[in-house]
Amino acid sequence: MRKGTVKEVLAKIKYDPREDEGDYYIVIEHRGAYGDIKKIPVGMIELGHGYFFVGDAQIPYHRILKVVRKDGRVVWETRKL
């Protein structure tokens with residue numbers, strides 16, 4: 001399941017023509033949200049060097065807990081869970 005860094009996994013999803021970014025979402029640690037987690041479709045994010053962006057918000061990669069397909073299959077998960 002866990003092959004490479006979360007940034008590498010997201011780059012493959014976003015830029016590999018065999019993948020459809022609409023089939024994936026990320027689960028992030030988000031204090032204040034219900035259960036302190038938030039789901040964000042991969043299509044809404046832009047990748048940066050140490051951060052990813054959702055609109056004007058800059059979020060560090062270490063906040064990502066999981067990358068999940070819409071069918072529920074986890075394709076990447078942090079080791080701290």
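Predicted model: local features only at pLDDT ≥ 70, side-chain atom pairs only at ≥ 80, totals over all residues.
Arg79 is exposed, with a relative accessible area of 69%, where exposed denotes a relative accessible area over 50%, buried one under 20% and partly exposed the range in between (1.4 Å probe, protein chains only). This residue lies in the segment that follows β7. Its C-alpha atom is separated by 8.6 Å from that of Leu65, a residue 14 positions away along the chain. Residues are numbered from 1 along each chain as its sequence is written, and side-chain values use heavy atoms, with hydrogens and water left out.

The C-alpha trace spans about 35 × 25 × 20 Å along its principal axes. Of the 81 residues, 32% count as buried. The accessible surface comes to about 5,400 Å², and carbon and sulfur atoms account for 51% of this surface; areas were computed by the Shrake-Rupley method with a 1.4 Å probe, and for residues only the protein chains shown count as cover. Among contacts (heavy atoms within 4.5 Å) between residues at least 6 apart in sequence, 49% join residues at least 24 apart.

Strand β3 (residues 45-47) is joined to β4 by three bridges in the antiparallel sense, and the two strands form a hairpin with three residues between them. Within this pairing, Glu46 has Phe53 of β4 as its bridge partner. β4 also pairs with strand β5 (residues 57-60), antiparallel and over four bridges. Here Tyr51 is partnered by Pro60 in β5, and Val54 stands opposite Ala57. Two residues separate the strands of the β4-β5 hairpin, in which Gly55 takes a positive phi near 60°. Ala57, located in β5, is partly exposed, with a relative accessible area of 35%. The C-alpha atoms of Ala57 and Asp36, 21 residues apart along the chain, are separated by 17 Å.

A further hairpin is formed by β6 and β7, with four residues between the strands; Gly72 in its turn has a positive phi of about 95°. Strands β6 (residues 64-69) and β7 (residues 74-77) run antiparallel and are joined by three bridges. Val68 stands opposite Val74 of β7 in this arrangement.

The largest nonpolar core comprises 18 residues, of which Leu10, Ile26, Ile45, Phe52, Ile64 and Val67 touch the most other members. At least two core residues are supplied by each of α1 (6-15), β1 (24-29), β4 (51-54), β6 and β7, and the largest share, four residues, comes from α1. Such a core is a set of buried Ala, Val, Leu, Ile, Met, Phe, Trp, Tyr and Cys residues joined through side-chain atoms within 4.5 Å. Beyond its neighbours within four places in sequence, Ile26 is in contact with Leu10, Lys38, Lys39, Ile40, Val42, Ile45, Phe52, Ile64, Lys66 and Val67.

A search of the whole structure finds one aromatic pair. The ring centres of Phe52 and Tyr61 lie 5.9 Å apart and their planes are at 40°, so the pair is tilted. Rings of Phe, Tyr and Trp (its six-membered ring) pair if their centres lie within 6.5 Å, with planes under 30 degrees apart counted as stacked, over 60 as edge-to-face and the rest as tilted.

Notes. Pairing = 2+ DSSP bridges.
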